[in-house]
Amino acid sequence: MFSKVLSLLKIKAAGLRKSSLAKDSFWLLCSKGLNIFVQATYFVILARTLGPSEYGIFVGISALATMVNSFAGWGSSQILVKYVAVERSLLKYYWGNALVTVVFMGTLLTAIFTAIGPTLSRGNFPPLAITLIFIADLIGININQASNSAFIACGKAKIAAFKTILLGLLKLISAIILAIILTNAGAIQWAYLYCISTVLPALISIWMVNSWLDKPRPSISRLKKELVQGFYFSLSQSSDFVNENIDKIMLASVASLQATGLYGAGFRLLTVFKIPIFSVAGATFPRFFRHGAEGIKGSFRFSKKLMPLSIGYGVAVVVVIFLIAPYINNVIGEEYTDIDKLLKIVAFLPLITTFQVLGGDALTGSNHQSYRTSVQVFAAGLNVVLNIWLIPLYSWYGAAWATMISESVKVVGFFVAIFYLLKANSRRSSNSNV
C-alpha cells in the first residue's frame, strides 16, 4: 500500500516538473520571496537614513501615486495578457498600445499632481519630489509591469521573475548609495535615486521585449476599442487599493499610531502567506483567457481544477497562523502584545484570498470584467462605511472585522456573478435548441 502511494507521488512530482504552470508559479514565487528580503532591507536602510520627516515626504507622495497608478496604466497590461495569451501574433499591437497609454497617461497625471500636490499636502510635498516619484511609479513601474505581462503571456515567466528581482535590487543599491555616499541626504536626493532605479529597468524592459519578443506597433483602432475595458481594469485595481489601505489611513487619523502599527504589522505577516497565492495567480492568469474563449463555463471549469490545491494551501495557512500567533510578539517586540488576537481574527484572509483569485480571474478571463469591478467597488465602499462606523468604537478590532466582512462579501459577489452567468448561458442554450 505504501509503495503504491509513493509511486503515485513520484508520478505527480514528475508531472509537476514537466508542467509549464508549475514552472511559471515556481519562478514567480522565487522572485516574490527574494523581493520580500530585498524590500525589508531597503526599507530599514531608507527609513534610518532619511529620518521620520524626510521619509514621511516620500511615503506620502508614494501613497498619492499609488492611488492613481492604476489609471496611468489604464488596464493595458491586463488587456495585453487577455489577447496575447490567446493569439501570440497580437503582441506587437498590445505592447505598442501599452507603451503609448502609459507614457501619455503617466505624463498627464504627473503634470496634474505636480501642480496640485503641494496644495493637497499643505505645502509638505516639494513639486520636484512629486514629479520624480510620479515618473517612477506611474511610468517606470507600469512599463515594467507591461513588459512582465508580455513575457508571462508568451510563456516566459522565468524572465519576468528575473526582471522583478532586478527592480528590487536596483532600489536596494540606490538606498545603500543614499546611506553611504551621499551626505545630508533628504527626500529630494532619494527621489532622484528612486526615479533612476525605476526608469532604468523600464528602459531595459522595453529593449528586452523589442529584442526577444516583438517590436511595438501601436494600433489606435484597438486602443479606442478597449477604452471601456481598460477603465474597468483601472477601477478594479483602484478599488482593491482602497479596500486594502483605507483602514490603515483611518486608524492613524481616528484611533492611534500604536493601533496603526499593530494592525500594519499583522497584515505585513499575512502578506508573506499570500505570496504563493499571488505567484500562482500570476502564472495562471493568461490561461484563464484561453479557457475563457469558451465563455464563463470554460474559465470556471479551469478555476475548479485549481481549487483543491488552493483551498488546501489556504486551510494549512489558517492552521499555521493559529499555531504561531501566541509567539509572534516575542519576535517583533513586546509592544505588539495584542497581535495574537488580531491574527486570530484575520487568520482566514489567505483562504478568502484564494477564492477571490479563483472567482475574480474566472470572470475576467471570460470577458466579464465589469461584473468583477462592480463587486470590488461595492466591497470597497462597504469597507469604508464599516470603518467609519467601527474604528471610532473598537479601534483595530473594528478595522479587522470591517476587512473580514468586506473581503468575504467580495468572494460571495464573485461567485454569485459566476452562477448567474452560468445559468443565463444555460437558458440561452436551451432556447436555441428549441
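Q: How are helices α3 and α5 oriented relative to each other, roughly parallel or roughly antiparallel?
A: The general idea is to compare the N-to-C directions of the two axes; an angle under 35 degrees counts as roughly parallel. In this predicted model, α3 (residues 76–84) and α5 (residues 127–153) pack at about 15°, and therefore the two are roughly parallel to each other. Their axes lie 9 Å apart.

Q: What is the handedness of the crossing, and which residues make the contact?
A: Handedness describes the sense in which one helix is turned relative to the other. Here α3 passes α5 in a right-handed crossing. On the α3 side, the contact is formed by S77, L80, V81 and V84; α5 contributes N142, Q145, A146, S149, A150 and A153.

Q: How many residues does the largest nonpolar core have, and which of them have the most contacts inside it?
A: One reads a core as a set of buried nonpolar residues joined through their side chains. The largest in this model comprises 33 residues, and I321, V346, L363, F415 and I418 have the most contacts inside it. At least two core residues come from each of α10 (257–292), α11, α13 (339–346), α14 (349–365) and α16 (396–433). The largest share, nine residues, is supplied by α16. A separate core of 30 residues includes V81, V84, W95 and A150.

Q: Which residues does F415 touch, beyond those up to four places away in sequence?
A: With those sequence neighbours left out, F415 touches F300, M307, F355 and G359.

Q: Where is G314 placed, and is G314 buried or exposed?
A: Burial is judged from relative accessible area, with under 20% counting as buried. G314 has a value of 0%, so this residue is buried. Its place is in helix α11, which spans residues 296–324. The C-alpha atom of G314 is separated by 9.7 Å from that of A347, a residue 33 positions away along the chain.

How values were computed: Residues numbered from 1 in each chain as written. Predicted model: local features only at pLDDT ≥ 70, side-chain atom pairs only at ≥ 80, totals over all residues. Heavy atoms only, no water. Helix = DSSP H or I, 4+ residues; strand = E, 2+ residues; numbered from the N terminus. Buried < 20%, exposed > 50% of the residue type's maximum accessible area, 1.4 Å probe, protein only. Core = buried A, V, L, I, M, F, W, Y, C linked by side-chain atoms within 4.5 Å. Contact = heavy atoms within 4.5 Å. Axes fitted to C-alpha atoms, helices over the stretch in contact; angles between N-to-C directions. Parallel < 35°, antiparallel > 145°, perpendicular 65-115°, else oblique.
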